[in-house]
Amino acid sequence: MSEISPLPEPASTAEAGDVAAARKRPKPGERRVQILQALAAMLEQPGAERITTAALAARLSVSEAALYRHFASKAQMFEGLIDFIEQSVFTLVQQITGRDVPDPTHPADMGARQAARIVALVLQFGERNPGMVRVMVGDALVFEHERLQQRMNQFFDRIESTLRQCLRASAAASSTPTVDAQVAASVLTAFVVGRLQCYARSGFRRLPTEHLEASLALML
């Protein structure tokens, strides 16, 4: 799935009969996408830190048994969202860095520019996908299996590792380039996580990209 977007508005009462009659059985995989779309949309609502399969089934007007025909557990549904986050973000990260991260011999400003673009990418992804942010910062995973939080931790570890490699050239002139690149990458990653947490905990009112260019100028 290329994008998880909100489910379409229901048809009017007058049209409902015709729509139901004309509706075909979902194609293979289509119902899975609909379930993940619904879960992501529910995560955008206040108090959505814990969503039950009963509530999710009700939103889709299906039985809970119907959900479990496509996902063995609610944890698998969250894994589907995490898969989407990872695929979406790291596909674009690779477009920014190319096949490999910058060579340390490349101009210093190249790595800094790439690092800035990666930070902007992650924050823009979160801004466009509010429900996913609750997964990314762990709010939606508090009552779920700990392996889900571990996967999101690994996601940010991977972001930090990529930033560190991008910033090696920027730190090349330092007496401790490896340490400097590590510190800078750690600060940028903490900034990303903090911005996403503020976004989620403000009810998605405080945008993570607010004053982003000026903020990055202070750190890079």
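Me: How many helices and how many strands are there in the chain?
Reply: This is a predicted model, in which local features need pLDDT of at least 70 and side-chain atom pairs count only at pLDDT 80 or more, while totals for chains, interfaces and linings use all residues. Residues are numbered from 1 along each chain as its sequence is written, and side-chain values use heavy atoms, with hydrogens and water left out. Helices (H or I, at least four residues) and strands (E, at least two) are DSSP runs, numbered from the N terminus. Along the sequence the pattern reads α-α-α-α-α-α-α-α-α-α, and the chain has ten helices and zero strands.

Me: What percentage of the residues in the chain is buried?
Reply: A residue is buried under 20% relative accessible area, exposed over 50%, and partly exposed in between (1.4 Å probe, protein chains only). The chain has 220 residues, and the buried share of them is 43%.

Me: Which helices do the buried residues of α3 pack against?
Reply: Helix α3 covers residues 53-60, and T53, L56, A57 and L60 are buried in it. Seen down the axis of α3, these buried residues fall within an arc of 100°, so they line one face of the helix; the arc is that of the directions from the helix axis to the C-beta atoms. A contact means heavy atoms within 4.5 Å. The helices packed against this buried set are α2 (30-42), α4 (64-68) and α5 (74-97).

Me: Where does H211 lie?
Reply: H211 is not a glycine, yet it has a positive phi of about 50°. With a relative accessible area of 61%, H211 is exposed. Its place is the loop between α9 and α10 (212-219).

Me: Which residue forms a salt bridge with E86, the closest N and O atoms being 2.7 Å apart?
Reply: Side chains of opposite charge can pair when their charged atoms come close. A salt bridge is a side-chain nitrogen of Lys or Arg within 4 Å of a carboxyl oxygen of Asp or Glu, and a search of the whole structure finds seven of them. One of them has its closest N and O atoms 2.7 Å apart and joins E86 to R151. The pair links distant parts of the chain, 65 residues apart: E86 in helix α5, and in helix α8 (residues 146-166) R151.

Me: Which residues are linked with E86 in a network of salt bridges?
Reply: E86 counts as partly exposed, because its relative accessibility is 21%. The network of salt bridges links E86 with D83 and R151.

Me: Which residues form a nonpolar patch on the surface?
Reply: Patches are made of residues with over 30% relative accessible area and no salt bridge: like charges are joined within 9 Å, nonpolar side chains (Val, Leu, Ile, Met, Phe, Trp, Tyr) within 5 Å. V183 is found in helix α9 (residues 177-201), and it counts as partly exposed at 46% relative accessibility. The patch has about 230 Å² of accessible area together, and its residues are V179, V183 and V187.

Me: How many disulfides does the structure hold?
Reply: A disulfide is a covalent bond between the sulfur atoms of two cysteines; here it is counted as a pair of cysteine sulfur atoms within 2.5 Å. C166 is buried, with a relative accessible area of 0%, whereas C198 counts as partly exposed at 35% relative accessibility. The number of disulfides in the structure is zero.

Conventions. Accessible areas come from the Shrake-Rupley method with a 1.4 Å probe; for residues, only the protein chains shown count as cover.
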